[in-house]
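Dear colleague,

Please find below the structure that I am handing over to you. My notes on what was found in it follow directly after.

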Amino acid sequence: MSARRIIPLRPAAAEPFATRAHPTGQKASGLEHPPPLTLYVHYPWCVRKCPYCDFNSHALRSTGSAPELAGGLEAAYLDALIADLESALPQVWGRRIHSVFIGGGTPSLMSAAALDRLLTAVRTLLPLDPLAEITLEANPGTAEAERFREFRAAGVNRLSLGIQSFDDRHLARLGRIHDGREARAAIDLALASFERVNLDLMYALPQQSREEALHDLELALASGATHLSCYHLTIEPNTPFHAAPPPLPDDDTSADMQEAIEARLAEAGFTHYETSAFARPGQACLHNLNYWHFGDYLGIGAGAHGKLSSHEGIFREDRHRHPNRYLEAAATRAFVRERRRIDPADLPFEFMMNALRLSDGVPASLFTQRTGQPLATIASELAGAQRRGLLASGDGRLRPTDRGRRFLNDLLGIFLRER
Ligand SMILES: C[S@@+](CC[C@H](N)C(=O)[O-])C[C@H]1O[C@@H](n2cnc3c(N)ncnc32)[C@H](O)[C@@H]1O
Ligand code: SF4
């Protein structure tokens, strides 16, 4: 695949966003101010590939630990990440970074020294908000849990643990490298170093009963975690689970599990603020909220996606996906595989696809702030969605009703433009 060149950056990009004029005399994006900016860093390796997972993650060739990483790969990847960040700087000059999310893959495989080097480079190259939320995704493997304290010292202030289940039988079926005891131990270690800890749980697992799913939830609630992400297991194309599907709970049982999980979390004082995200008061994930508010994000690392607004429009960019290809690209700093301007006609749908995942939606004024288009552009779609009882009306927010949340695809379809 040939790398498309990044649209040339002009010296004017260093000026404050709102003062820059497009050559035509108008800002092509229509945006008065750039949205808040966050940074995503992708780490593309795991000890082993789980059979349900279609993330851009690759098994390390060696087993159990990470000697392959110690053998130079980690340093090479760190060099590439920092070069990637440097290459992207002209697109974000002068803009403050509000949060950082280091995801994967399993970024907790990184040594604390490597993580420290990464965050030091981020702070040196970009104005990082001193109170920025800095999340690291971690796997509850024992070796990594021992490094949690060092990750905290390097500046990470929120840990997201991929627990999935506490049940050894289900964990084995999911191909996880940890058992339930290690999962519980990792949570204790995480909470000893971090005030903010998210647990990823999956439900509707092969041959899982409603009671088993709720038992997992009880253990997660008792653990003291501040945030829970509860995902319905999905069978993704090009995964071993797709090639040989395991016996899954039927639709009624999994819908029943979902309802029971939501009810129990509400009872326990968690706010269900997004399709799969539940938080104790004040503990919502700020980084993810920025995606759902259609904010900007710079994505560095193999396969990372970015969305960046400029006076020329709103752009999406994708990095080379395979780690080897990404590392090769480092030689010429051609990390970006594709950069494309979002067609203004697609912006209303793209905005809604994010905003309407939020239970409370967003203030209606955010539509213009983020898309550069007047709300009147979508007046007929809004009226149609309200008529069908999918969108709330009258409170100055773009907010799905209960029905809208249940039939989110129907609601979003209203904003999709035929071409
Ligand atoms: C990048 S992984 C998180 C960190 C780490 N790699 C791990 O698995 O422990 C993000 C999360 O997505 C969820 N996930 C991955 N594949 C999924 C699938 N097919 N269906 C539902 N959730 C999935 C899992 O809960 C997983 O923890
Ligand atoms: S550890 Fe996480 S990212 Fe890696 S394969 Fe498993 S679910 Fe995917």
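A residue is called buried when its relative accessible area is under 20%, exposed when that area is over 50%, and partly exposed in between. Ser276 has a relative accessibility of 15%, and therefore it counts as buried. Its place is in the loop between strand E9 (271–274) and strand E10 (277–279). Leaving aside residues up to four places away in sequence, Ser276 touches Leu228, Ser229, Cys230 and Tyr231.

Please bear in mind that this is a predicted model. The average pLDDT of the protein is 91, and 90% of the residues score at least 70. Residues 1–26 call for caution, as pLDDT stays under 50 there. For this stretch the model has 46 contacts beyond four places in sequence.

As to the overall build, the protein contains 16 helices and 16 strands. Its radius of gyration is 22 Å, close to the 22 Å that the globule rule gives for 419 residues, so the protein is as compact as a globular protein of that length. The C-alpha trace spans about 65 × 55 × 40 Å along its principal axes. Of the 419 residues, 53% are buried. When contacts between residues at least 6 apart in sequence are considered, 71% of them join residues at least 24 apart. The protein exposes about 18,600 Å², of which carbon and sulfur atoms supply 53%.

Next, the surroundings of ligand 2. Which residues surround ligand 2? They are Cys46, Arg48, Lys49, Cys50, Tyr52, Cys53, Ser57, Gly105, Thr106, Asn139 and Arg176. This shell divides into 4 nonpolar, 4 polar and 3 charged residues.

Most residues other than glycine have a negative phi, and most peptide bonds are trans. The peptide bond from Gly104 to Gly105, however, is cis, with omega near 20 degrees. Gly105, one of the residues around ligand 2, lies in the loop between strand E4 (97–104) and helix H2 (112–125).

Gln207 is not a glycine, yet it has a positive phi of about 60 degrees. This residue is found in the loop between strand E7 (196–203) and helix H7 (210–222). Gln207 has a relative accessible area of 47%, so it is partly exposed.

Phe294 likewise has a positive phi, near 60 degrees, and lies in the loop between helix H10 (286–292) and strand E11 (296–300). Is Phe294 buried or exposed? Its relative accessibility is 1%, and therefore Phe294 counts as buried.

Yours sincerely

Key:
Residues numbered from 1 in each chain as written. Chains lettered and ligands numbered in written order. Predicted model: local features only at pLDDT ≥ 70, side-chain atom pairs only at ≥ 80, totals over all residues. Heavy atoms only, no water. Near = heavy atom within 4 Å. Nonpolar A, V, L, I, M, F, W, Y, C, P; charged D, E, K, R; others polar. Helix = DSSP H or I, 4+ residues; strand = E, 2+ residues; numbered from the N terminus. Rg over C-alpha atoms; globule rule 2.2 N^0.38 Å. Buried < 20%, exposed > 50% of the residue type's maximum accessible area, 1.4 Å probe, protein only. Contact = heavy atoms within 4.5 Å. Areas by Shrake-Rupley, 256 points an atom, 1.4 Å probe, with all protein chains shown as cover. pLDDT = per-residue confidence, 0-100.
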